[in-house]
Amino acid sequence: MSTTPDTEIRSGTELPADRTDIELVTDDHLTLVGELAEPHGRPARGTIVTLHPLPTAHGFMDSHVLKKAAARLPELADIAVLRFNFRSVTSPRGTSEGTFGDGVSEGFDLRAAVAEVTARALPTPWLVGWSFGTEVILKHAREHVDASTVAGVVLLSPPLHRTTDEELARWADVSVPVVALVPEHDDFLRPEEAAVRFAVAPNVRVVPVPGAKHLWVGERYVRIVLDTVADLVVPGSAPLPTHWTA
């Protein structure tokens, strides 16, 4: 959807950014496809690495919240957005090599993405996982936090299906911000249960989102997610504008 001066930002709006097709090479020698969207003509003030929903339920790098993050955040908040397909996943960008690892071998995919933003010297990388992507973070991202290569974490609709209590407990003393946005009407984990499960990791902040569902359908809920992410990564950048002026 093209934009004109003073255009209302809608579901399909794609704002200006410098967009680069990238390939990530994992430690187990797979090539993953992705895209890096950066602010056009100026340096980023922050960075997010996105991890998409469940591949076997049609999750991919273009899942709508993540695609909208890449379409808007570089221009509206000076945030660089790296998206990629987990191993075996196909999108219009292409197909990543490998086979689905049920959240285990995807730890290599996460490591390759973090290595990419580190090699590019992108500022203050945050991890933003959605559904299955949160499981990959909770299982594998402590190594990146402990190495000071990750500045913070956002968990969208964490189902905690594949994450054990022992794995959660490893986040008890995490030193960077970790924020879990839990929809009131989530299909898998609602705020009350999330508070119980995350009690073993008291440094994780559980934020209930009234009215929201697991898939964050509707611009109202997408804006809640993007405002939260923007303000965490670049404090003071939210609320994001609802109109764009060239």
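**Close-up views of the predicted model**

**View 1. His 58, an exposed residue with positive phi**. His 58 is exposed, with a relative accessible area of 71% (exposed means over 50%, buried under 20% and partly exposed in between, with a 1.4 Å probe and protein chains only). Although it is not a glycine, His 58 has a positive phi of about 75°. It lies in the loop between strand 4 and helix 1; helices (H or I, at least four residues) and strands (E, at least two) are DSSP runs numbered from the N terminus. This is a predicted model, in which local features need pLDDT of at least 70 and side-chain atom pairs count only at pLDDT 80 or more, while totals for chains, interfaces and linings use all residues. Residues are numbered from 1 along each chain as its sequence is written, and side-chain values use heavy atoms, with hydrogens and water left out.

**View 2. Ser 148 in the loop between helix 4 (142-146) and strand 9 (152-156)**. Ser 148 also is not a glycine, yet has a positive phi of about 60°. Its relative accessibility is 64%, so Ser 148 counts as exposed.

**View 3. Asp 186, buried without a salt bridge**. Asp 186 is found in the loop between strand 10 (178-183) and helix 6 (191-197). The nearest side chain of opposite charge, Arg 190, is 6.5 Å away; a salt bridge requires a side-chain nitrogen of Lys or Arg within 4 Å of a carboxyl oxygen of Asp or Glu. Lys and Arg count as positive and Asp and Glu as negative, whereas His and the chain ends are not counted. Leaving aside neighbours within four places in sequence, Asp 186 is in contact (heavy atoms within 4.5 Å) with Ser 157, Ala 212 and His 214.

**View 4. The lining of the largest cavity**. A cavity is a set of points on a 1 Å grid over the protein atoms alone where a 1.4 Å probe fits but cannot get out, and lining residues have an atom within 4 Å of a point. Grid points are joined across faces, edges and corners, and a volume is the space filled by probe spheres set on the points. The largest cavity holds about 40 Å³ of space. Strand 4 (46-51), helix 1 (64-77) and helix 7 (219-233) each supply at least two residues of its lining. Among the lining residues are Ile 48, Thr 50, Leu 66 and Val 229.

**View 5. The cis peptide bond from Ala 238 to Pro 239**. Omega is near 0° for this bond. Pro 239 lies in the loop between helix 7 and strand 12 (243-244).

Definitions and conventions. 1 Å grid on protein atoms, 1.4 Å probe; cavity = no way out; pocket = protein on both sides within 12 Å on 5 of 7 lines; lining within 4 Å.
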